[in-house]
Amino acid sequence: GFYNPSVTIRFTAYDTSAGVQSFTWGYTKETGASAVNHPETLADATVPAVQDPTDKSKFTAEITLTAEELAQYRGYISVVATDTYQNKSNKVVDSGNIIVVDTVTPSISVEYPIEANRVDADNKINYYNKDIQVKFIVTEANFYPEEMQVTITKDGQPIDFDTSDITWGVRDSEDKTIGTFTLAASADHSKDGDYVITVNYKDRSSNEMATYVSETFTIDTIKPVINVI
């Protein structure tokens, strides 16, 4: 479950004799989740139980996990119910349901082999006479590469591009994930042209990245011909 900015969780327990007095709950981070502003655990906290007005054996309580810049969540809840005589239920560990509370907007930077081009400062055109290596660096704790939208145009027209052609690494300790692919030049010059790359991404908690639009990249593999008359 993906949430933004908070998730409300309801506990329910039944006791036909003594009644439920309270719930004691805890949070544990999912193994492998981001370490950036994600607590490993939350200290067990106790909330009072409320008796149902219709079913007197039913007791509930609600808590809310709210994310902020320094507190993001990806993990699961455990809970124990206690009756009025301090009898405790077995601990329920809800590890089968991962809660993600994410308020951080994804960001991207893109790198190119600057040493392989000449930059036209006025028109922001970058010239290549060979393949263009492209590196995406996405900063996002809950990143799903298959959901990133990449559009590439050549001479103003979209070209067929499959995002599965991007090779992705693993998320690092700073929540950065690197993906690489190649805009290939060809010996028959058929790939020559002016390219623009556009990237959009929205995470599953509906945080939307600012659209990235590249400068123009020109692949030109045809040698000039000089005629002297």
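**Labels and the numbers behind them**

Modeller: Let's start with Asp-175 and Arg-171, which form a salt bridge, with the closest N and O atoms 3.3 Å apart. Before we go on: this is a predicted model, where local features need pLDDT of at least 70, side-chain atom pairs count only at pLDDT 80 or more, and totals for chains, interfaces and linings use all residues. Residues are numbered from 1 along each chain as its sequence is written, and side-chain values use heavy atoms, with hydrogens and water left out.

Biologist: Why is the contact of Asp-175 with Arg-171 called a salt bridge?

Modeller: A salt bridge needs a side-chain nitrogen of Lys or Arg within 4 Å of a carboxyl oxygen of Asp or Glu. Here the closest N and O atoms are 3.3 Å apart, so the pair gets the label.

Biologist: And what makes Asp-175 buried?

Modeller: Buried means under 20% relative accessible area, exposed means over 50%, and partly exposed is in between (1.4 Å probe, protein chains only). Asp-175 has 7%, so it's buried. Arg-171, at 31%, counts as partly exposed.

Biologist: How many salt bridges does the structure hold?

Modeller: Eight. One of them joins Glu-40 to Lys-29, with the closest N and O atoms 2.8 Å apart. Glu-40 lies in the loop between strand S3 (20-29) and strand S4 (41-48), and Lys-29 lies in strand S3, so the pair ties together parts that are 11 residues apart in sequence. By the way, strands (E, at least two residues) and helices (H or I, at least four) are DSSP runs, numbered from the N terminus.

Biologist: What about Arg-74 and Glu-30: which parts does that pair tie together?

Modeller: Their closest N and O atoms are 2.7 Å apart, and they form a salt bridge too. Arg-74 lies in strand S7 (residues 73-83) and Glu-30 in the loop between S3 and S4, so this one ties together parts 44 residues apart in sequence. Arg-74 is buried, with a relative accessible area of 16%, while Glu-30 counts as partly exposed at 23%.

Biologist: Now the rings. Why is the pair of Phe-136 and Phe-181 called tilted?

Modeller: A pair of aromatic rings is described by the distance of the centres and the angle of the planes. Rings of Phe, Tyr and Trp (its six-membered ring) pair if their centres lie within 6.5 Å; planes under 30 degrees apart count as stacked, over 60 as edge-to-face and the rest as tilted. The structure holds nine aromatic pairs. For Phe-136 and Phe-181, the centres are 5.5 Å apart and the planes are at 45 degrees, so the pair is tilted. The pair links distant parts of the chain: Phe-136 is in strand S13 (residues 132-139) and Phe-181 in strand S17 (residues 176-183), 45 residues apart. Phe-136 is buried, with 0% relative accessible area, and Phe-181 counts as buried at 4%.

Biologist: And what makes the pair of Phe-143 and Trp-168 edge-to-face?

Modeller: The angle between their planes is 70 degrees, with 5.1 Å centre to centre. Phe-143 sits in the loop between S13 and strand S14 (149-154), and Trp-168 in strand S16 (residues 167-168), 25 residues apart.

Biologist: How do you know that Arg-204 lies over the face of Tyr-144?

Modeller: The cut-offs are NZ of Lys or CZ of Arg within 6 Å of the ring centre and within 35 degrees of the ring normal. Arg-204 is at 3.5 Å from the ring centre of Tyr-144 and lies over its face. Arg-204 is also linked with Glu-146 and Glu-147 in a network of salt bridges.

Biologist: Last one. Why is the chain called more spread out than a compact globule?

Modeller: First, the chain has zero helices and 20 strands. Its radius of gyration is 27 Å, well over the 17 Å that the globule rule gives for 229 residues, so the chain is more spread out than a compact globule. That radius is taken over C-alpha atoms, and the rule is 2.2 Å times the number of residues to the power 0.38. The C-alpha trace spans about 110 × 30 × 30 Å along its principal axes.
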